[in-house]
Amino acid sequence: MSARSVGIPPFPPGYRASGVLLPITSLPAAYGIGDLGPAAFAWVNRLHEAGQRWWQALPLGPTGYGDSPYQSLSSFAGNELLISPDGLIDDGLLRAADCAGHAFSPTAVEYEKVVPFKARLFATAWSRFSAGARPELRAAYEQFCQTHELWLDDYALFRALKARYNGAGHVEWPV
């Protein structure tokens, strides 16, 4: 079966491109893990300036056992660890002081430190959003929930139960 037989046009004659494989989590970050913040935008700009055409990243779903991107907990949800605290500061849902006072390895992701740190930040941001901070974001939030209702509620329930049962696999949960 060729690409043409399934309706995928081939690359044009003489097409050449190059790119880079780099997981987003490997980008430099002040918060213990590379995320979709300023470093990611700077990286894309740098690739463009260097004439690169492709950036291949690893899967972006929430990681499961062993923090592997290839063992995602959802086909639809994104990995919350890739949310940039800088973006939440820009959105007025966090303050820089909320993120201060933590030291992370400059060369490795230490999930045992990053996960509780970011969970605390997200709880703070959610608390402020729920209390009315940035009300102009409410419509976009509600639209997201409505657009993704086919999977979002079930996924939220799954994650709540997974947390309730200390990360155990669903087959280990009580009936």
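**Exercise 1.** Which side chain meets R134 in a salt bridge at 3.9 Å, N to O?

*Solution.* Start with the model: it is predicted, local features need pLDDT of at least 70, side-chain atom pairs count only at pLDDT 80 or more, and totals for chains, interfaces and linings use all residues. Residues are numbered from 1 along each chain as its sequence is written, and side-chain values use heavy atoms, with hydrogens and water left out.

Next, apply the rule: a salt bridge is a side-chain nitrogen of Lys or Arg within 4 Å of a carboxyl oxygen of Asp or Glu. The partner is D91. Now place the pair. R134 sits in the loop between α4 and α5 (138–147), and D91 in the loop between α2 (85–90) and α3 (96–99). The two are 43 residues apart. Helices (H or I, at least four residues) and strands (E, at least two) are DSSP runs, numbered from the N terminus.

**Exercise 2.** Are K118 and D35 buried or exposed?

*Solution.* Take the cut-offs: buried is under 20% relative accessible area, exposed over 50%, partly exposed in between (1.4 Å probe, protein chains only). K118 has 0%, so K118 is buried. D35 has 6%, so D35 is buried. Their side chains form a salt bridge of 3.6 Å, N to O. K118 lies in helix α4 (residues 111–130) and D35 in the loop between β1 (19–21) and α1 (38–49), so the bridge ties together parts 83 residues apart in sequence.
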